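Open your viewer and get ready to click along. We will go from stop to stop, selecting one thing at a time.

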Amino acid sequence: MASAVEVKEYPSEPLKCWDQAKNLRKNYYEDYLHAHEKGGLRWAGGAWSFSSIPAGLGEDVYCITGEPYGATVAFFKDFASKCHDATEAAGFPRTLCAYMRNYWGSILLDKYVLTDGTVVDGHPAPDFIWQDHICCSHAKWYQLVKWLEKKRGKDVPMFSVDVSVGYPSDFTPEEDYKVDYIVGQLNDGIEWLEKVTGRKYNDQLLCDAVWNEMNATSLWAEVCALNQAVPAPLDEKSMYSLYVMGTLMKHRPECVAFYQTLRDEVKDRVKRGIAAVSTERFRVITDTQPPWGFLKIFREMEKYGAVSVGSLYTFGLIGMWQYLPDGTWIPKPVPPKKPQTRDEALQTIVRWTMHKPEWAHFYQPELKTKMMESIVKQWKVDAVLLHYNRGCEGLSVHIAENRLGLMEAGVPVFPFEGNMGDERDFDLTGTMARLTAFFESTGLKKLKE
Amino acid sequence: MITAGVDVGAKYAKAVILKDGQVMARAKALVGFDLLKSAAEVFEVALKDAGLSRSDIQKVVSTGMGRNTVVQKPPISAEEAVSEVVSAAAGAYHVVPTAKTVIDVGAEEGRGIKVESGKVKDFVINERCAAGAGTFIEAMARALEVKVEDMGPLSLKSVNTIPMNAQCCVFAESEVVSLIHSKISKEDISKAIHDAIAGRISSMVLRVGVEKDVVLIGGVALDPGFKQPLEKELKANIIIPEYPEYVSALGAAVIAASPAR
């Protein structure tokens, strides 16, 4: 409760497409739940999986991606707590991936949570699992889902793609043999999908889905690039509700259409000087998933006039970027021609996906630090908030090295401990007290209560 | 200019009255459930010692975990609250102008602060664990059935090193009980406890880096058994200013006097 100070205020207004975003997400969860009633298919897998591939089975194929579902569970703390209890009672330790535990807990409880927090009876089992191995937990995650479903009497077939080919170092072109390794698996996967679903695969739908995915992920990068403006037209807390569409349905035309609408609206906000946080005077970025049950920390930051303009995570989990020789990021241009054949589509989407910036978390701490430094410079960032996220080993690995690297580069860094999906690992009062100390150490004073 | 700093800590409330950079009075007392009342009593004692009334104080700045309870609330009516980190840095710099690293160990928290000209460059705080704070020593004193103020002198009588691996206050207590049952002397156990807390604090401080001069403040700095193992762990000499437990309150008073604010 420092004495309040007066600062210049920018005009601010809510996003016009906010309700559209809410409905898209709501429909996504409900479509999965009711897929069978419409004669459709359900599949489960990670948000990083090659979701364009199952799209070739038909337009009535609906998926549930595990990490966003785990995050949704985390947001509703009562339900999350029940999920934790269920997984721990089943013998799983609380040190495992929090998203994964939330997901398993939901199956163990035989409950399914919708975006408004409604918990419905009966966790909808997938017809097949389509996953890729991005980290140590992702491989085991669905192996356990398969096992849990079997215990519930459903034999769910599973296909996993090994993507452990690294991240093209120093932004160099991807190597062909690595591309071929993944494309080969996807070709096998298509045969497998036909076999387990009994459906004939449609290459045209695959080409459409790949094209949608490339456009959606490039468009999201465009949205993020617009946040370089001062004042920032979007704050990261809101961006979480927007980037999520790319984690749910990046291959679908609704996603492309929504990101086009959003891009146009954000462009207009920049043109008119509309701020996400009217008192913006200090810009930060974060790193990794936030503690989903405690997004109020972003609102607390606003009391100091601090706005989080994004993160490598928010920009790079879905957004696809091209790096210019001087380190500048620009949205990755979509190739001029849509793929026309299965092989073209698979080659294109694999090369595209290999450049997902978020791979840097797993493979190269120095590169990740450099990427964060570029964001700091380009997005005019004053400080970095690093979430030592106990809930995600994959994205937290090397994070202490990133802290040292950023500090060496002269960037103020505030690390805090937490967990994206398990509120027991997050101390809101303590974190806010330390964040206050950090802001004060940078010379900021509280603007309002 | 006369200013005051009030540090409403986890265990003690402290008040310092400053006139033109010189301390006129200081007072401290245990805090109870009513933080405002405890802080107000301490503040009144300091005012009385200085022969002043609230209206003579041009600005009061509060700090400590209960700092917000006294802002704009009589009789203290602090005009501003600042975090413990900022006040500790300002206070340490005031008493040791060469301070570059400030280690502040209070009842509930331990902090390592990298300082440049009294401003915070980086800091780290012992998170969610009493093993890096004064509470740890108090709990272990209870287990040993000795007065907390005797823990330091006891530890200095020991020349033996007994590894105490417990980094958790609760587990450490059972380890202490085991050591007692193993007929280990209270001196040796006390030293093991001080070594353990020094290890905990040093590993935390090393995260922000140790640069001379290193200044130790906070209530635990009054414990004579803590400095030696901490110096050994950090491989650096440590300066403990006079009245180390008042340094944060002093820092708040210094900040109150700062023209930039």
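Two residues are in contact if their C-beta atoms, placed from the backbone, lie within 7 Å. This is a predicted model, in which local features need pLDDT of at least 70 and side-chain atom pairs count only at pLDDT 80 or more, while totals for chains, interfaces and linings use all residues. Residues are numbered from 1 along each chain as its sequence is written, and chains are lettered from A and ligands numbered from 1 in the order in which they are written.

**Stop 1: where the chains meet**

Show chains A and B together: 13 residues from chain A and 16 residues from chain B make up the contact. Now select residues 428-441 of chain A, which form helix α17. With seven residues, this helix gives the most to the side of chain A that touches chain B. Helices (H or I, at least four residues) and strands (E, at least two) are DSSP runs, numbered from the N terminus.

**Stop 2: chain B on its own**

Of its 261 residues, 54% count as buried. A residue is buried if 20 or more other C-beta atoms lie within 10 Å of its own, exposed if 12 or fewer, and partly exposed in between, with C-beta atoms placed from the backbone.

**Stop 3: two domains**

Colour domain 1 (2-86 + 246-257) and domain 2 (97-240) of chain B separately; such bounds come from an automatic or database domain assignment. How far apart do the C-alpha centres of these domains lie? The answer is 26 Å. Each domain of chain B brings 10 residues to the contact between them. On the domain 1 side, α2 (84-95) and α8 (247-257) of chain B each supply at least two residues, and α2(B) gives the most, with three residues.

**Stop 4: the core**

Select B:Val6, B:Ala89, B:Ala92 and B:Ala253, which touch the most other members of the largest nonpolar core, a set of 218 residues. A nonpolar core is a set of buried Ala, Val, Leu, Ile, Met, Phe, Trp, Tyr and Cys residues joined through C-beta atoms within 7 Å. Bring chain A back and pick helix α7 (residues 203-226), the source of this core's largest share, 14 residues. Domain 1 and domain 2 of chain B both give residues to the core, so it lies between them.

Finally, zoom in on B:Ala253: among the residues it touches are B:Thr3, B:Val16 and B:Val61, not counting residues up to four places away in sequence.
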